[in-house]
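Have the structure open while you read.

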Amino acid sequence: MSTAEYRAQEGTIDPGRIAERARPQIVERGLRARPGGWLGWITSTDHKKIGVMYLIATFMFFVVGGVEALMMRLQLGAAQNTIMDGQTYNALVSLHGTTMVFLFVVPVLAGFGNYLVPLMIGARDMAFPRLNALSLWLFVFGGIVFYTSLFFTPPEAGWTSYAPLSDDAFLPTGGIDAWIFLVHLTGLSSLIGAINFVATIHNMRPKGMGFGRMPLFVWTILIYAYLLILALPAIAAAVTMLLTDRHFGTGFFDPTAGGDPLLWQHLFWFFGHPEVYILILPAMGIVSEVLPVFSRKPIFGYSFIAYSGVAIGFLSFTVWAHHMFATGLGDFANGAFATGSFLIGVPTGVKIFNWIGTMWGGSLRFKTAMLFAVGFIAMFIIGGISGVSLASPPVDFQQTDTYYVVAHIHYVLFGGAIMGMFAGMYYWWPKMFGRFLDEGLGKVHFWLTMVGFNLAFFPMHWLGTEGMPRRIYTYFPDMGWNFWNMMSSVGAYILGISVMVLVGNMIYAYRRPREEMPDNPWDAATLEWATTSPPPAHNFDAVPVVYSRYPLWEDRHPVEGGQPAVIAAAAPHTSIDERSHPADTQVAVGEGESNAHLATVEADHGEHEAGHAFHLPAPTIFPMILAFGLLLIAFALLFSPPILKVTFLITGVIYFVVAIYGWVKQISE
Amino acid sequence: MAVVTQSADALTDRAPTGLESLDVRKLGMWAFLGSECVFFGSLISMYFVNRPLMFSPALEAAHLTPKTILNIPFTGVLAFILLCSSLTMVLALNAMQQSRRRAGSFWLLATAFLGMLFLGGQAIEFIEIAHEGITLQNSVFGQSFLLLTGFHGTHVFVGIIWLLSCIPRALRGGFHAGNYIGPEICGLYWHFVDVVWVVIFTIIYLI
């Protein structure tokens with residue numbers, strides 16, 4: 001008897017019909033009228049709306065950051081170019097790096113996580129829906145306070161803002177202050193979001209979904225959240241010291257006052273190196289979701305991928321000083337941090353082999369999402385290899401602060417994180433918006449991205465090896481760097497065109513007449529595809545009970561991820577021991593044990609829930625007002641005229657206090 | 001047929017899988033305290049980086065090292081007061097778990113009061129060292145000491161506001177054997193702030 005037959009007989013669940021069962025049949029009663037239109041969006045506590053707002057806002061920052069990169073490449077395309085002066089170039093470097101890291105990649109992954117994590121684990125919303133809204137608005141206002149600096153002086157110290165260059169002695173203008181407030185506000189946003197993810201993922205999974213059955217994207221978001229919680233406070237402390245150095249006369253990073261510039265680098269990279277794994281891990285999770293679906297085959301080595309992610313997260317806290325080899329830490333420290341950095345290549349390599357193993361022998365469908373996922377693997381391997389070479393101190397002495405490092409970071413963050421993000425975009429777009437992105441345009445987008453990306457960034461390896469330093473705004477024509485710089489700029493503009501194709505694709509998808517979107521257009525396996533596209537406000541009518549890693553593929557891979565249908569003695573069913581083990585099912589060797597703790601899960605939860613009332617969080621404006629108050633307080637410290645300072649400070653504090661009061665009052669009603 | 005209602009309450013109908021006994025708000029608080037550990041850890045490493053400079057021969061000769069500037073017995077009393085406030089916090093929670101409304105409110109108030117005593121003492125200490133000429137601007141010790149203890153004081157201040165804001169509801173009987181999660185997570189925060197002070201006190205005053 002197959003598992004499916006067994007369950008059909010038991011009457012617990014019919015795997016083939018999960019999608020149908022979970023289709024919403026709702027009677028809405030006792031609902032306060034939800035505000036419509038834009039007010040409905042900004043007061044929303046629905047994780048899907050918040051996720052979409054995250055995605056929209058981050059995409060806008062992505063375009064802005066991209067335009068800044070194109071302006072830099074315009075300047076660097078030819079030797080001794082005079083399109084801009086050094087100061088403008090420095091501002092562009094700082095704006096581009098900061099925007100892409102703090103305002104694009106981190107929050108775009110939070111956006112995907114927000115939208116998908118509750119759906120993937122069969123929850124109705126995040127654990128703290130109002131804090132979720134607060135995260136969104138803190139991020140948006142952090143971006144606004146940063147870009148306000150365009151109206152006076154943008155920051156000019158790069159995305160790392162190394163002290164004492166960023167101290168008031170060298171950069172007395174407000175740009176660095178704007179950068180500090182950006183780090184504070186987006187950091188707070190990410191911290192609150194991370195706490196939310198941790199609480200949601202630990203506590204709100206459905207019956208049967210142990211850690212061994214959690215989708216890999218949820219795994220990586222969990223690691224992402226833990227890394228944010230443990231890494232962000234270090235930079236929060238560092239920028240606070242920088243702020244007091246600049247405004248209150250301390251000298252933490254000022255050597256003339258007994259301060260220590262290396263302290264900044266240690267604190268910054270204690271945050272900064274886990275940060276790059278924060279950026280890449282959820283992209284790995286996206287790829288781990290996309291590959292099995294388009295290979296029509298379960299992921300190869302699920303546990304290895306999941307625990308490699310944990311290993312990467314752990315090791316990421318032991319490698320920060322490899323950014324500081326050239327600062328003279330001494331041989332012992334260099335050796336120790338080099339060891340950690342080499343070690344991190346092992347779990348990363350494990351993941352790459354597992355992805356290849358997933359595709360191996362699969363029946364591959366090269367949809368755009370799949371193309372980007374495969375592109376991710378290829379590009380990330382190149383970035384990983386240049387990373388391993390940089391982990392060696394002698395090599396790093398040669399390459400540090402050259403274009404080789406620029407090539408490396410773009411291969412792992414563009415070729416890695418952003419390619420993965422594009423894969424997720426094409427994959428989940430029909431779920432989010434009920435429309436497909438066009439496959440033809442998608443393929444044009446993919447190939448333009450591949451060609452443009454490699455043309456733009458591969459030559460940087462050679463430029464760096466030939467000694468071209470990073471963060472310079474021009475160079476002499478007899479250095480031998482002219483041709484590849486030109487090619488790199490051409491590649492950058494091809495990338496720019498590819499993003500325009502993507503925007504065209506989005507507009508085309510938006511204007512196309514709405515089609516009947518099936519629940520599960522890609523024939524995927526995870527729970528988000530068991531509800532309608534787009535999902536209703538409460539996600540699932542009845543939350544499905546989970547019996548395996550691939551709830552929607554149970555007819556095909558009945559025991560992938562452990563024992564089938566573990567049913568408790570408490571439920572009126574036979575226990576697992578009384579059942580013969582289905583002979584026709586494949587047991588994944590070595591992967592069953594991790595689910596042993598699920599043996600006490602009760603069955604039938606889904607059925608009993610029907611007819612039972614459940615709560616959705618009410619819309620609220622207070623998270624936005626609170627974040628707005630903090631924005632005004634940041635403005636108060638940013639603007640120098642006393643009248644502006646006082647006005648901003650008073651109104652900011654009023655907004656802040658009113659929002660907290662209203663928030664508390666609302667939840668205690 | 002499912003019925004959708006809407007409330008400001010948490011999503012109470014979900015049956016959690018793993019940590020069934022742990023309330024989601026408590027889990028969130030623990031995660032937050034984890035990040036606080038790294039925040040104070042960063043400030044404490046800053047203090048350690050700067051510490052050798054505070055004991056330079058010139059400063060030793062001028063009797064301007066932390067050992068001579070700080071009034072250690074006075075702050076020892078403050079540390080004792082703050083530790084006592086952890087006891088009263090436990091008593092407050094215990095009373096509310098037994099639905100003893102008045103006792104619970106009293107111990108909450110006592111905790112907040114001890115916190116205020118601590119903050120007052122810290123203010124006196126800051127004024128005293130300012131009279132000895134130690135400020136945020138003029139010395140490595142001044143900036144490191146004031147930033148670290150100042151951030152701890154800010155945490156105590158936030159804790160006091162939080163405790164006081166629990167009292168009206170406690171007096172109305174809003175916390176009882178069936179629901180004491182509010183004071184419980186407030187207590188987690190308060191104990192954390194106390195424990196951090198034990199570490200800071202050891203590092204700045206004792207070693």
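## Helices side by side

In chain A, the axes of α9(A) and helix α10 (residues 302–315) come within 11 Å and cross at roughly 175°. Axes here are lines fitted to C-alpha atoms, for helices over the stretch in contact, and angles run from 0 to 180 degrees between N-to-C directions. That makes α9(A) roughly antiparallel to α10(A); the word covers angles over 145 degrees, while under 35 counts as roughly parallel, 65 to 115 as roughly perpendicular and the rest as oblique. Helices are DSSP runs (H or I, at least four residues), numbered from the N terminus.

A quick word on what you're looking at: this is a predicted model, where local features need pLDDT of at least 70, side-chain atom pairs count only at pLDDT 80 or more, and totals for chains, interfaces and linings use all residues. Residues are numbered from 1 along each chain as its sequence is written, and chains are lettered from A and ligands numbered from 1 in the order in which they are written.

| Helix pair | Angle | Axis distance |
|---|---|---|
| α9(A) and α10(A) | roughly 175° | within 11 Å |

Which residues of α9(A) meet α10(A)? They are Tyr277(A), Leu281(A), Met284(A) and Ser288(A), and across from them in α10(A) are Ile305(A), Gly309(A), Ile312(A) and Gly313(A). Contact means that the C-beta atoms, placed from the backbone, lie within 7 Å.

## One glycine elsewhere

Gly142(A) is found in helix α6 (residues 129–148) of chain A. Is it buried or exposed? Gly142(A) is buried, with 28 other C-beta atoms within 10 Å (20 or more means buried, 12 or fewer exposed, and in between partly exposed). Leaving out residues up to four places away in sequence, Gly142(A) touches Leu182(A), Leu185(A), Thr186(A) and Ser189(A).

The complex gets an ipTM of 0.89 and a pTM of 0.88 from the predictor. For chain B, the mean pLDDT (confidence in each residue, from 0 to 100) is 88.

Key: Helices (H or I, at least four residues) and strands (E, at least two) are DSSP runs, numbered from the N terminus. Two residues are in contact if their C-beta atoms, placed from the backbone, lie within 7 Å. pLDDT is the predictor's confidence in each residue, from 0 to 100.
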